[in-house]
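Open the model in your viewer and switch to a cartoon view. This tour goes from stop to stop, telling you what to select and what you will find there.

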Amino acid sequence: MRINVILPGTGRILAALALALLPAPLLADTLIDNVNGLSVDRDGQVTRFAALVIDNQGRVVQVLPRGQKPPRTDYREDGHGRTVIPGLIDAHVHVMALGLAQLSLDLSGTRSLAEALGRLAAYVAANPDRPWVVGRGWNQELWGTPGSPGRFPTAADLDAVVSDRPVWLERVDGHAAWANSAALKAAGVTAATADPAGGRIERIAGSKRPAGVLVDSAMARVTDKVPPPRAADRDLALVKAQDVLARHGVTAVADMGTSLDDWMTFRRAGDVGRLQVRIMSYALTIPEMIQIGGTGPTPWLYDDRLRMGGLKLFLDGALGSRGAWLKAPYADDPKNTGNQLLAGAQLRNLMSRAAMDHFQVAVHAIGDAANAEVLSAIEELSGDYPGDRRWRIEHAQIVDPADIARFGHHGIIASMQPTHETSDRLMAVARMGEARLGGAYAWKSLSAAGARL
């Protein structure tokens, strides 16, 4: 059991590990008293406690209700009345992307195109020697006014600030990215470049010339040209990611899309005792799944802090970049139904290859067509792979109401993120229209159908 410490009356988490409260290494039992402790068991019952005992391995071995005499321990720490809760688990995180974002340009929360370009100018001035400017976090939906969202940005917008080196900035959802002319040139993206399967190159109106935004699989044209982070950069990024998670009280995560480089970064941290967050890893590809896990999921490593146990697949893109795969065209883009990133046979073959070696399968599906396709694949494969396979549908964001009941079979997990509903509240109406949102962000209905949330 790990603990979080929260300032009274603020909800701000100070530390995500019991170890953070104590001198390291721990060599003897320690009592932490004078706390407002809250714990919740598997049945949802809340236990309150005023003190806890941590053994010399850093594990919580006893919690004491108010008034109970504490046992004799070698050390005592005063909790100063702070609230203590169990560590939080985030079921869908991109650990290295989170860390690398701390080392690059952060456009999250920008409220206008001008603000985003201002941050870019400041970043370039502070980092004049970077051959590429990379960043993440922009969201054009926040750049307009209520009822009139901002347009997709263009290469020309970036060129006005940086024209002497490539700029490559991922959208907040990671399913679109914004390039300047230098980046497009480095990747060879021109008017003659066709849209790849499962992707789209935004074009200047009335022409075939690339406008500057690439969606889903089209992003690879530029991403493949960006110099990869060095091992030292990755190690620092993991430190930064763990800091962010700890500040928010997150002590365990599912890492959705672990590359071999990511895995080796986690291993280097574990080898020297710097892996603080528990990581349940889902491989980015079948080859990486096999290279890391071999014939099946790895054992838990580093005192239960790291394990490769699953495979992450992408079936469609995101709603904000109009890449989510829909059964009917977008209300605000009538010629577009989004991007199907895997054919039906490809999806089933990849799911089967992972399932045969008992890896858990997690499939990204946001649009109603994507969710329906994954449900069909699970129904077909469940006969070949019986038992509780814990099939996961990541996001399950826009579901046709007719498909909701299907989530109640085969132990399907609807891995949903509340932030999508809050961030997409207005945009989803524009993309889908009110009449098609009956099965969107449907936690209660999916739970009532028997899905695991």
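**Stop 1: the mixed sheet**

In this predicted model, select the six strands that form an open sheet in the order S9-S10-S11-S12-S14-S13. Their pairing is mixed. Look at the edges, where strand S9 (105–106) and strand S13 (199–203) stand. Each has a single partner strand, so one side of each is left without a neighbour in the sheet.

S9 pairs with strand S10 (residues 133–138) in the parallel sense, over two bridges. Show Asp106 and you will find Arg136 of S10 opposite.

Move on to strand S11 (residues 167–171). With S12, S11 pairs in the antiparallel sense over three bridges. Here Trp168 stands opposite Ala179 in S12. The two strands form a hairpin, with four residues between them. Pick Gly174 in the turn: its phi is positive, about 75°.

Now stay on strand S12 (residues 176–179). Are its faces covered or left open? Both are covered. Ala176 and Trp178 lie on one side, Ala177 and Ala179 on the other, and all are buried.

Next comes strand S14 (residues 210–216). S14 and S12 pair in the antiparallel sense, again with three bridges. Select Trp178 and look across to Val213, its bridge partner in S14.

**Stop 2: the parallel sheet**

Select the strands S8-S15-S16-S17-S18-S19-S20, given here in sheet order. These seven form an open sheet, and the pairing is parallel. Strand S8 (88–93) and strand S20 (413–415) stand at the edges.

Zoom in on strand S16 (residues 278–283) and strand S17 (residues 306–314). They pair in the parallel sense over five bridges. Show Met280, whose bridge partner in S17 is Arg307.

H7 lies across S15, S16 and S17. It runs at about 150° to S15.

**Stop 3: helix H6**

Select residues 231–247, which make up helix H6. How far apart are its end C-alpha atoms? They are 25 Å apart. That agrees with the 24 Å that 17 residues should span at 1.5 Å a residue.

Colour Arg234, Ala237, Leu238, Ala241, Gln242, Val244 and Leu245, which are buried in H6. Look down the helix axis: the buried residues fall within an arc of 160°, so they line one face of the helix. An α-helix has 3.6 residues a turn, so residues three or four places apart point the same way.

What do the buried residues of H6 pack against? Show helix H1 (95–102), strand S15 (250–258) and helix H7 (260–271): these are the packing partners. Past the end of H6, find Gly249, whose phi is positive, near 80°.

**Stop 4: salt bridges**

How many salt bridges does a search of the whole structure find? The search finds 26. Visit a few of them.

Begin with Glu115 and Arg119, whose side chains meet at 3.5 Å, N to O. Both sit in helix H2 (residues 113–126), four residues apart, which separates them by about one helical turn. Glu115 is partly exposed at 32% relative accessibility. Arg119 is also partly exposed, at 28%.

Next, select Arg230 and Asp233. Their side chains form a salt bridge at 3.0 Å, N to O. Arg230 is exposed, with a relative accessible area of 57%. Asp233 is partly exposed, at 24%.

Now pick Asp332 and Arg431, joined by a salt bridge of 2.7 Å, N to O. This pair links distant parts of the chain, 99 residues apart. Asp332 is in the loop between S17 and helix H9 (344–355), and Arg431 is in helix H11 (residues 418–432). Is Arg431 buried or exposed? Arg431 counts as buried, at 1% relative accessibility. Asp332 is partly exposed, with a relative accessible area of 30%.

For the last stop, select Lys327, Glu379, Asp400, Asp403 and Arg406. A network of salt bridges links them.

Conventions
Residues are numbered from 1 along each chain as its sequence is written. This is a predicted model: local features need pLDDT of at least 70, side-chain atom pairs count only at pLDDT 80 or more; totals for chains, interfaces and linings use all residues. Side-chain values use heavy atoms; hydrogens and water are left out. The expected span of a helix is 1.5 Å times one less than its number of residues. Buried means under 20% relative accessible area, exposed over 50%, partly exposed in between (1.4 Å probe, protein chains only). The arc is that of the directions from the helix axis to the C-beta atoms. Contact means heavy atoms within 4.5 Å. Two strands pair if DSSP finds at least two bridges between them. Axes are lines fitted to C-alpha atoms, for helices over the stretch in contact, and angles run from 0 to 180 degrees between N-to-C directions. A salt bridge is a side-chain nitrogen of Lys or Arg within 4 Å of a carboxyl oxygen of Asp or Glu.
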